[in-house]
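Walk through this fold one element at a time. Keep the model open as you read.

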Amino acid sequence: TFAGPVAFLKSAPALHFLPDPTVPEVAFAGRSNVGKSSLLNALAGRNGLARTSNTPGRTQELNFFDIGDPVKFRLVDMPGYGFAKAPKDVVKKWRYLVNDFLRGRDVLKRALVLIDARHGIKEVDRDILDMLDGAAVSYRLVLTKADKISAAELAEVTERTIAEARKHVAAHPDLIVTSSEKNEGIAELRAAVLEAVSV
Ligand code: GTP
Ligand code: MG
């Protein structure tokens, strides 16, 4: 369970810095600024565990968080993608790091792909969805920042996102709607993580 300590383990800017694959992992992916670090903090019930910011592209490494003592599973905060002004070599490095990680990490049980509820799935998101499909890593789509739109807009983007999920082989057909700000959907997300690591 999430009861017990949550601790930052390490940051891996390249594959040879990855921690030993000793426990199951669940990774968080999404556009820069989508709210990955905020959601991780909400899940862990600890503000300031993962660094959040208004500067897109803050997280450029794979960040590992240990859950439990002894460690039962890990959460991985993946570097965000799709921010404007990203230099070409940064984008290239991101692709290699993420693709190699997704393809080679046996202990990676699931990914959660975060989508900003205000925007829905964009072209840059399809890139990671295709990478996950190709790597055969099952994933769930998670709408973030639901507090920022109206109920009608939320219903519309939910329907649109579910339709898109159905086109991807490795995607779970349902999605989880969240707001870190309002603590909404956090319990459901927690259950999805626990189910994936089955602890
Ligand atoms: P990178 O590390 O740059 O890829 O960003 P990230 O995906 O980790 O986003 P982060 O959690 O740092 O959040 C980005 C901004 O969105 C911050 O200013 C957060 O406070 C804000 N934010 C995150 N989640 C929510 C939410 O549910 N509601 C609202 N209103 N704001 C949010
Ligand atoms: Mg972050």
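Strand 3 (62-67) and strand 4 (residues 73-77) pair in the antiparallel sense over five bridges. Two strands count as paired if DSSP finds at least two bridges between them. Strands are DSSP runs of E with at least two residues, helices are runs of H or I with at least four, and both are numbered from the N terminus. Five residues separate strands 3 and 4, which form a hairpin. G68 sits in the turn with a positive phi of about 90°. Within the pair, F64 stands opposite V76 of strand 4.

A word on the source: this is a predicted model, in which local features need pLDDT of at least 70 and side-chain atom pairs count only at pLDDT 80 or more, while totals for chains, interfaces and linings use all residues. Residues are numbered from 1 along each chain as its sequence is written, and chains are lettered from A and ligands numbered from 1 in the order in which they are written.

Strand 3 also runs antiparallel to strand 1, joined by six bridges. Here F64 is the bridge partner of K10. How many residues of strand 3 are buried? Six of the six are, so the strand is largely enclosed by the rest of the structure. Buried means 20 or more other C-beta atoms within 10 Å of a residue's own; exposed means 12 or fewer; partly exposed lies in between; C-beta atoms are placed from the backbone. In a regular strand the side chains alternate between the two faces of the sheet. Strand 3 is covered on both: L62, F64 and D66 are buried on one side, N63, F65 and I67 on the other.

The loop between helix 1 (36-44) and strand 3 holds L49. L49 counts as buried because it has 20 C-beta neighbours inside 10 Å. Beyond four places in sequence, its contacts (C-beta atoms, placed from the backbone, within 7 Å) are V6, F8, L40, N41, A44 and F65.

Next, the largest nonpolar core. Such a core is a set of buried Ala, Val, Leu, Ile, Met, Phe, Trp, Tyr and Cys residues joined through C-beta atoms within 7 Å. This one has 46 residues, of which F28, V113, L114 and V142 touch the most other members. Strand 5 gives the largest share, six residues. Among the contacts of L114 beyond four places in sequence are F28, V34, L39 and V142.

Finish at helix 5 (residues 186-197). Its buried residues are L189, V193 and A196. S198 follows helix 5, with a positive phi near 40°.

Definitions and conventions: Contact = placed C-beta atoms within 7 Å. Expected span 1.5 Å × (residues − 1).
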